[in-house]
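Please keep the sequence and the structure in view while reading.

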Amino acid sequence: MDSHAAVSSSVGSGDGAAQPRRNSRKPKYSKFTQQELPACKPILTPKWVISVFVLVGVIFVPIGIVSLRASHQVVEIVDRYDDACIPANVTEKLAYIQNDSIPKTCTRNLTITKDMKQPIFVYYQLDNFYQNHRRYVKSRNDAQLRDKSKASDTTNCDPEAKTVDGKPIVPCGLIAWSLFNDTYTLIHNNKTLRVDKKDISWKSDRDHKFGSDVFPTNFQKGPLQGGKILNPKIPLSEQEDLIVWMRTAALPTFRKLYGRIHVDLKENDTITVQLENNYNTYSFSGKKKLVLSTATWIGGKNDFLGLAYLTVGGICFVLAFAFTLLYLIKPRLVVF
């Protein structure tokens, strides 16, 4: 009995001492677990902070000035014509625009304010048109646009999915149905300017989103025509007006590229625009504008980027000056 107890006690004491170590869930000691890895812990001294603010200001202010100057070099002619192209004797604008028997031809004269170097970009601008509306954005079928075998797939395209007799519409959906259909003819010195509409869309869209073997079918065959009628003999990959329109805008005021003019225009030149005022913006109090614009290395006219750089750079200079005064008036005490 005594020997058995002694053996039991010795085994128990030995195993009992080792058992907690084997079953312990604590991680083994390492510099990572003990948070002892090398680390950089900068001390934000007044001189260091002031230097950073000055450096940011020195970099941002010149960038802002250059960007703003490039934006101001862009020459832009904007002409709103939605109201001007309604005859004076018309009181019901909506009834006028929806009546196909009434000609919608309108003539506008644009005066060039500064010399415009080619290429000159022709845009149409729409205001108060919410292309970013959730139901509008979803009203399309990308597989149908891309693949000929999916022509009958009209998922998500309601209410412009099929014709009255049940035939699938290609391209289906509200986005395609509402395609912009105003047209512009520009005349300069009694000569019609050729508006180049090639490569006005993204190459990636033409190559990957719109099929070269997909052709418009049953498009705009419903009781109400929404916009432009597509040529059924031209594949969707070559219908660049459609491709540009299908890339929906994020804001209610947007511009889309209509074409390019490869002619230089001089100051005080007059451009006569013969346009077809077909697109209905009167039902939602929208506005239509024709825009002629040049471009610089920064793109079109947009002061936001330059002003943003100038604002941030100016704030940094102000903060650097304020911290410098504070440091001189009340210097930081150094404790040893």
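## Report on selected residues and salt bridges

Ser71 lies in helix H2, which covers residues 46-72; helices (H or I, at least four residues) and strands (E, at least two) are DSSP runs, numbered from the N terminus. The model is a predicted one, in which local features need pLDDT of at least 70 and side-chain atom pairs count only at pLDDT 80 or more, while totals for chains, interfaces and linings use all residues. Residues are numbered from 1 along each chain as its sequence is written, and side-chain values use heavy atoms, with hydrogens and water left out.

Ser71 counts as buried because its relative accessibility is 0%. Buried means under 20% relative accessible area, exposed means over 50%, and partly exposed lies in between (1.4 Å probe, protein chains only). Apart from residues up to four places away in sequence, Ser71 touches Ile298, Lys301, Asn302 and Asp303; contact means heavy atoms within 4.5 Å. Between the C-alpha atoms of Ser71 and Glu160, which are 89 residues apart along the chain, the separation is 41 Å.

An unreviewed UniProt entry annotates residues 48-68 and 307-329 as "transmembrane region". UniProt positions are given in the numbering used here, feature names are shortened, and annotations may be inferred rather than shown by experiment. In the model, residues 48-68 are 100% helix and 0% strand, with end C-alpha atoms 30 Å apart. Residues 307-329 are likewise 100% helix and 0% strand, and their end C-alpha atoms lie 33 Å apart.

The structure holds 15 salt bridges, where a salt bridge is a side-chain nitrogen of Lys or Arg within 4 Å of a carboxyl oxygen of Asp or Glu.

Asp79 is buried, with a relative accessible area of 9%.

Asp83 is partly exposed at a relative accessible area of 36%, and Arg80 is partly exposed at 35%. A network of salt bridges links Arg80, Asp82, Asp83 and Lys93.
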